[in-house]
Amino acid sequence: MLEILPDVPASSLPIVGQAPSLSVSPKRRLPPWLKRPLPQAGMAFTSGVIEDLKLETVCESAKCPNRTECWSQRTATFMILGNVCTRPCGCCAVPKGKTEKLQADEPARVAEAAARLGLKYVVITSVTRDDLADGGADHFYRCVIAVRERTGADVEVLTPDFMGNNAAIDRVIESRPDVFNHNTETVPRLYHRVRRNAEYQRTLNLLDRVKQKAPDMPTKSGLMLGLGETMDEVLEVCADLRKVGCDMLTMGQYLQPTPAHLPVERFVPPEEFEQVGNLAKSMGFRMVASAPFVRSSYHAGEMVSVMDPVIDINADAE
Ligand code: SF4
């Protein structure tokens with residue numbers, strides 16, 4: 001179940017400086033709270049649509065543990081710009097190497113899949129394409145427009161950092177996504193190990209840029225826990241995200257997709273997810289989802305529907 005956290009008064013929360021460390025010794029066996037449901041009837045339907053339209057999904061490429069659940073509910077997250085990434089992140093199962101040519105008909109195929117699946121809320125993400133001058137921003141734009149025109153669905157984009165190229169970020173903003181999501185992934189100390197070729201400040205700058213250009217566009221970011229971070233470090237990231245106006249936050253357990261990827265340093269128990277989620281919520285995020293199986297796109301439409309309203313601080317000023 002998606003755990004969406006209520007407001008918690010700051011006075012009832014543990015003191016941040018005394019919070020326990022999230023980083024302890026490695027464990028190999030999956031703990032009991034990391035069990036997933038068996039496939040249901042809708043799974044084959046979703047699979048058939050994706051295959052028929054020759055689309056990529058991050059659900060498959062990143063070996064997401066929620067695929068059975070999401071696909072059974074006829075939900076998937078489309079991954080555009082090919083199935084090969086230009087970055088060597090140690091945590092991600094998406095293939096790396098020689099990239100593919102852009103497919104001009106991909107926006108129409110994504111839109112068709114969204115229509116066949118009956119999606120009311122569509123999440124579009126991509127591989128990172130540092131080989132393209134605009135990082136694939138215009139392709140993002142065309143996919144958002146195509147989905148909206150074909151289905152009328154709300155669209156969330158989950159983008160790479162576009163190497164900090166403001167023109168590229170602005171091009172995606174022009175498509176007016178309903179949510180602009182860009183993941184922080186981990187704490188700055190671990191960037192080199194987890195997210196090589198990315199920069200923590202660049203991620204914050206991207207989220208800041210979206211808020212500057214489109215203040216009413218909700219921004220969202222996500223963190224994986226269990227890579228060796230401490231709770232203090234996580235909370236520092238949360239504070240930095242709030243400083244750039246980030247509205248929504250997801251936190252979930254990192255799981256090693258294959259033995260060649262970074263090991264799990266720790267399986268964070270559900271109670272700690274709840275604790276750190278409550279602390280984050282008290283910082284002013286409009287929505288925090290924090291639980292072992294939370295992913296950026298997990299129940300994404302549901303997350304938006306429970307987002308707190310923006311409080312107009314000038315409303316009673318007269
Ligand atoms: S959580 Fe997101 S990436 Fe994972 S299966 Fe569900 S829709 Fe796909």
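Author: One term to begin with: two strands count as paired if DSSP finds at least two bridges between them. Bear in mind that this is a predicted model.

Reader: OK. In which sense do strand 2 and strand 3 pair, and over how many bridges?
Author: Strand 2, residues 77-80, and strand 3, residues 121-126, pair in the parallel sense over 4 bridges.

Reader: And which residue in strand 3 does Phe78 stand opposite?
Author: Phe78 is opposite Ile124 there.

Reader: How does the chain get from strand 2 to strand 3?
Author: I'll start with strand 3 itself: 6 of its 6 residues are buried. The chain reaches strand 3 from strand 2 by way of helix 4 (residues 106-117), in a right-handed β-α-β crossover.

Reader: Which way do the residues of strand 3 point?
Author: Tyr121, Val123 and Thr125 point one way, while Val122, Ile124 and Ser126 point the other way. In a regular strand, side chains alternate between the two faces of the sheet.

Reader: What about strand 4, how does that pair with strand 3?
Author: Strand 4 (residues 154-158) pairs with strand 3 in the parallel sense, over 5 bridges. Tyr121 has Asp154 of strand 4 as its bridge partner.

Reader: Changing topic. Which residues surround the ligand?
Author: Among them are Cys59, Cys64, Arg67, Cys70, Arg295 and Tyr298. Helix 2 (58-61) and helix 3 (67-72) are the elements that give two or more residues to this shell. The shell divides into 6 nonpolar, 4 polar and 2 charged residues.

Reader: Pro37 now. Is it buried or exposed, and why?
Author: Pro37 is exposed, because 9 other C-beta atoms lie within 10 Å, and the cut-off for exposed is 12 or fewer.

Reader: Where is Pro37, and what is it in contact with?
Author: Pro37 is in the segment before helix 1 (42-52). Leaving aside neighbours within four places in sequence, Pro37 is in contact with Thr68 and Glu69. Its C-alpha atom is separated by 9.8 Å from that of Arg67, 30 residues apart along the chain.

Reader: Last one: what do the buried residues of helix 10 pack against?
Author: They pack against helix 9 (231-243), strand 7 (248-253) and strand 8 (287-290). Phe273 and Leu279 are among those buried residues of helix 10.

Definitions and conventions: Residues are numbered from 1 along each chain as its sequence is written. This is a predicted model: local features need pLDDT of at least 70, side-chain atom pairs count only at pLDDT 80 or more; totals for chains, interfaces and linings use all residues. A residue is buried if 20 or more other C-beta atoms lie within 10 Å of its own, exposed if 12 or fewer, and partly exposed in between; C-beta atoms are placed from the backbone. Two residues are in contact if their C-beta atoms, placed from the backbone, lie within 7 Å. A residue is near a molecule or strand if its C-beta atom, placed from the backbone, lies within 6 Å of it. Ala, Val, Leu, Ile, Met, Phe, Trp, Tyr, Cys and Pro count as nonpolar, Asp, Glu, Lys and Arg as charged, and the others, Gly among them, as polar. A crossover is right-handed if, with the strands pointing away from the viewer, the path from the first strand over the helix to the second runs clockwise.
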